[in-house]
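Subject: Structure handover

Hello,

Here is the structure I said I would pass on. My notes on it follow below the entry.

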Amino acid sequence: MQVLTQCREHIIRKTFEACKGAPSAIIHFYNSVSVAQREQVFRKSKEEIKQIAVDGAKLVKQLAAEYEGNFRFEYSPESFTGAEPEYALEVCNAVLDVLEPSETNNVIINLPVTVEMSLPHVYASQVEYISENLKYREYVTLSLHPHNDRGTGVADTELALLAGADRVEGTLFGNGERTGNVDIVTLAMNMYAHGVDPKLDFSDMPSIVHLYEKCTRMHVYERTPYAGALVFATFSGSHQDAIAKGMKWREEQHLHRWAVPYIPIDPKDINRTYDADVIRVNSQSGKGGIGFILEQAYGYSLPPQMREHFSYLCKGISDHDHRELKSEDILGIFMEHYLNVHSPIPISGMHFVQKPGGVEVDVTFLRNGRSTTLHAAGNGSLNAVSNALKEYTGDTYRLKVYTEHSVQSKSSESTAAAYVGIEKNGNTMYWGAGTNTDITKASVYALLSAYNNMISE
């Protein structure tokens, strides 16, 4: 466990209260040393800023001796990249003199790229200078804390590691303030791709992505290195041909090393696949594999927005049940949650009459054992039923999405499938699907399913 505290007495004391009894905790304290912060924020001299760090170190050392627990120390000269390297070194060495690193007291000195201000090789040169001139170096772990303001956080880190750093602080998929911290996934996998073990287990990348999205409610972009849904997808025919030939050559040569064209690492190493189905799924303009399975196995072709909604539902059920969903499971979820949902409001009958400029309909609704027949008109059959439904319920919604297609069947009788998305309050979409040998009835069942899902939420 690592905790972060400013070099302020009351915060440091509160931090130790929170960590009392911890079997292993890193107390990470910091103060800003940059020119801009010294002049504009604190309006203090170099000596006064250094004294803040020294006083913080003394208090941290004192409290570590007083409180129950096993504590390790870490100090950051915040905004390191905006400070004179010589001055940052002076402050770090002053802190180390207080903490007295030793073989049994390894101290972490962390050099934050609080704001990216230079090319990666410049940061690496700064790190190298600190590494070569730091006191107690053999008992100090030199750490990096890069941000990504210039979009070169990974490059900063890789060069700084080559320059002598021992440790990195980063986040999954670059989450963090502003443009984020360094993406620890990309960084670690880059090392792995060059034969260096990062000591992090990314052998099940899809599960990590799922957990991240579930916990943060953020989205891992499809093109995110190693982890994105499309990073192994090939849209170009020539790419697909080269990959297929490369896979065949690898099998023929009985190779254990990875050297397939266009794919930098073996997808199986992070629990991704490279079979034909995955390539075809990825070719569906980024739409999920769950919708693809539903279409290929059962003939249901959901509109893109509904496919996304359905995929999150399936992922949630998969996560809850701690199991992988098979194609029959996906069909069952689709039928239960979307297809021909006739509760709580079913329709027992409808009669359409084509009129000049539109359609009129008599619709019979059932609710709590009572039937009600309403007459309505619209520019089409579905619009007419929708108008009757709004009149019957008093609800308002917008019909935003409608698609239909025929479902291939082994019997001679063809089946129509329809999909409806309705919008409530301008921001929430509800989905339904309907099937029937009559496309009009299928459309009405889809509308009714979407509405029943809306009122049942």
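In what sense do β10 and strand β11 pair, and over how many bridges? The two pair in the antiparallel sense, and nine bridges join β10 to β11, which spans residues 415-424. Please keep in mind that this is a predicted model, and that everything below was computed from it.

The three-stranded sheet

β10 and β11 belong to an open sheet of three strands, ordered β10-β11-β12, with antiparallel pairing. β10 (398-407) and β12 (428-436) are at the edges; each has a single partner strand, so one side of each has no neighbour in the sheet. From one strand to the next the twist averages 15°.

The β7-β8 hairpin

Strands β7 (residues 347-355) and β8 (residues 358-367) run antiparallel and are joined by eight bridges. H351 stands opposite D362, which is in β8. The two strands form a hairpin with two residues between them. In the turn, G357 has a positive phi of about 85°.

Aromatic pairs

The structure holds 11 aromatic pairs. One of them is F16 with F71, an edge-to-face pair with 5.2 Å centre to centre and 70° between the planes. F16 is in helix α1 (residues 9-18) and F71 is in strand β3 (residues 71-78), so this pair ties together parts that lie 55 residues apart in sequence. F16 and F71 are both buried.

Another pair is Y300 with F334, which is tilted, at 4.9 Å centre to centre and 45° between the planes. This pair, too, links distant parts of the chain: Y300 sits in the loop between α11 (289-298) and α12 (304-321), F334 sits in helix α13 (residues 327-337), and 34 residues separate them. Y300 and F334 are both buried. Together with F310 and Y338, Y300 and F334 form one aromatic cluster.

Which residue has its charged end over the ring of Y397? That is K390, at 4.8 Å from the centre of the ring. R38 lies over the face of Y87, 4.8 Å from the ring centre.

R38 also has a polar contact, in which its side chain meets the side chain of E84 at 3.0 Å. E84 itself is in the loop between β3 and α4 (85-99). E84 and V33 are 51 residues apart in sequence, and their C-alpha atoms are 8.7 Å apart in space.

Regards

How values were computed: Residues are numbered from 1 along each chain as its sequence is written. This is a predicted model: local features need pLDDT of at least 70, side-chain atom pairs count only at pLDDT 80 or more; totals for chains, interfaces and linings use all residues. Side-chain values use heavy atoms; hydrogens and water are left out. Rings of Phe, Tyr and Trp (its six-membered ring) pair if their centres lie within 6.5 Å; planes under 30 degrees apart count as stacked, over 60 as edge-to-face and the rest as tilted. Helices (H or I, at least four residues) and strands (E, at least two) are DSSP runs, numbered from the N terminus. Buried means under 20% relative accessible area, exposed over 50%, partly exposed in between (1.4 Å probe, protein chains only). A charge sits over a ring if NZ of Lys or CZ of Arg is within 6 Å of the ring centre and within 35 degrees of the ring normal. A polar contact is a pair of N or O atoms within 3.5 Å; within protein, one must be able to donate a hydrogen and the other to accept it, and residues adjacent in sequence count only if both atoms are side-chain atoms. Two strands pair if DSSP finds at least two bridges between them. Axes are lines fitted to C-alpha atoms, for helices over the stretch in contact, and angles run from 0 to 180 degrees between N-to-C directions.
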